[in-house]
Amino acid sequence: MKPFYRAQKQTFLERLAEEPRWLILMSGPRQCGKTTLVQQVLTELGWSSGYVAVDAPAGALLGTGGAVPVAGESGIVLRTDYVRDEQWLVHMWAQARARIEAGEGAPVLALDEIQKIPNWSETVKGLWDDDRRRGLHLHVVLLGSSPLLVQRGVSESLAGRYESIRLSHWSFPEMSRAFGVDLPGYVYFGGYPGAASLVHDEDRWRAYVLGSLVEPNIESDILAMQRVDKPALLKQLFELAAVYSGQILSYNKMLGQLQDAGNTTTLARYLNLLASAGLVTGLEKYSERPLRRRASSPKLLVLNTALMSASSEYRFEEAKADRSHWGRLVESAVGAHLYNTLTPEIRLHYWRENSLEVDYVLQRGRRLVSIEVKSGRRKPNMKGLKAFSKRFTVSDEVIVGEEGVALEEFLSVPAEEWF
């Protein structure tokens, strides 16, 4: 199969072509292709020796067979059983430096699963600053399967020393080109490349999504890095958000449906944690007043429709046959696409006032774009769009679906293009 390259490949190549002024952080949710992208680019450049997987068994780490040079009775010997700790990281870095100075090695050190090394961020900070003092041109790439732990490390110790290349969940065009996924398949099965080969066995696909993607996200990412007093509540909140994706649900109503629920502040915090892990989020209602936005009831939204489908009782054909459920899937696919393609200066909201509603509102500064999804379950809410336009200055109104922008076209255009 011909390799598929994500758009971030070009950005990565451009960073490697520059002098190393910052660490390169590959960020994004689990299973979005961070490791694959790094390996593809380094292999293409002939720099595959610069890739180090912290959790790999001994073998082919910087050309030493995974060994670390240490002093022995007969001089320098190679040990392959070395603990992967701060000292191991220092040795790997030293080997990369030595090979560059000798003109033999790749000018890059890519450290995968970096979060598995204790106190890794402090060690990286010291080594990186030393390279700057020495004028050593070594690119350092950091990535890991636990995005929250990696982000926490760079935020706490490496502020001002890194640039991030962000990978989001796979889009419809990417899944279509790489795996031949059609539009209904993308709406239902979502954008996890690792699960694409399992869609013909829905039981196996569902078990993979929930057991190999969702569970590690919650157990290894959120619960490992944050104080969560009610872990069972966090898991229940994810399940609720996945089932009710595309719907506005007040925190008080959530409390009524969750066991062992704490308070609205706890739910809001847990929802933010789930969003930072790339699972689900709660959109705020648009208002010109920030305090009113934060006090609004959230519109629940999965960030990958695979999470909604795997958590539901519907199989693919059943989901397509139920117009109401399929409509919510389509609306969730639109919302997830917008969220995953946001740039830092763009915000995503919804709007509702009594019976008037706008599915999504994009905000960039003072510019607003209102978006209504005609999903098959109902006609587009033109009254809501009109009421929103009367109340606020709107740059554009977009209808997705029949008599508007085709869903396939909409899912191919990033959020910023609507401005």
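1. Basis. The model is predicted: local features need pLDDT of at least 70 and side-chain atom pairs count only at pLDDT 80 or more, while totals for chains, interfaces and linings use all residues. Residues are numbered from 1 along each chain as its sequence is written, and side-chain values use heavy atoms, with hydrogens and water left out.

2. Largest core. The largest nonpolar core has 75 residues, and L362 and F410 touch the most other members. Helix α9 (residues 231–243) gives the largest share of this core, seven residues. A nonpolar core here is a set of buried Ala, Val, Leu, Ile, Met, Phe, Trp, Tyr and Cys residues joined through side-chain atoms within 4.5 Å. Buried means under 20% relative accessible area, exposed over 50%, and partly exposed in between (1.4 Å probe, protein chains only). Helices (H or I, at least four residues) and strands (E, at least two) are DSSP runs, numbered from the N terminus.

3. Surroundings of F410. Neighbours within four places in sequence are left aside here. F410 is in contact with V334, H337, L338, I371, V398, V400, V405 and W418, where contact means heavy atoms within 4.5 Å.

4. Second core. A separate core of 25 residues includes I114, V124, L127 and V154.

5. Helices α3 and α4. Helix α3 (residues 86–101) packs with α4 at an angle of about 25 degrees, the axes being 10 Å apart. Axes are lines fitted to C-alpha atoms, for helices over the stretch in contact, and angles run from 0 to 180 degrees between N-to-C directions. α3 and α4 are therefore roughly parallel to each other; angles under 35 degrees count as roughly parallel, over 145 as roughly antiparallel, 65 to 115 as roughly perpendicular and the rest as oblique. From α3, E86, L89, V90, W93, R97 and E101 meet W120, T123, V124, L127, W128, D130, D131 and R134 of α4. By class, the residues of this contact are seven nonpolar, one polar and six charged. Ala, Val, Leu, Ile, Met, Phe, Trp, Tyr, Cys and Pro count as nonpolar, Asp, Glu, Lys and Arg as charged, and the others, Gly among them, as polar.

6. Helices α9 and α11. Helix α11 (residues 264–276) and α9 pack at about 70 degrees, with axes 10 Å apart. That makes α9 roughly perpendicular to α11. The contact joins L233, L234, L237 and F238 in α9 to T266, L267, Y270, L271 and L274 in α11. It holds eight nonpolar, one polar and no charged residues.

7. Helices α1 and α2. Helix α1 (residues 8–17) and helix α2 (residues 34–45) have axes 10 Å apart and an angle of about 55 degrees. The two helices, α1 and α2, are therefore oblique to each other. Q8, K9, F12, L13 and L16 of α1 make the contact with L37, V38, V41, L42, E44 and L45 of α2. Eight of these residues are nonpolar, one is polar and two are charged.

8. Loop between β5 and α4. E113 lies in the loop between β5 (108–112) and α4 (120–134). E113 is not a glycine, yet its phi is positive, about 60 degrees. E113 counts as buried, at 11% relative accessibility. N119 is found in the loop between β5 and α4. Its phi is near 55 degrees, a positive value in a residue other than glycine. N119 counts as partly exposed, at 48% relative accessibility.
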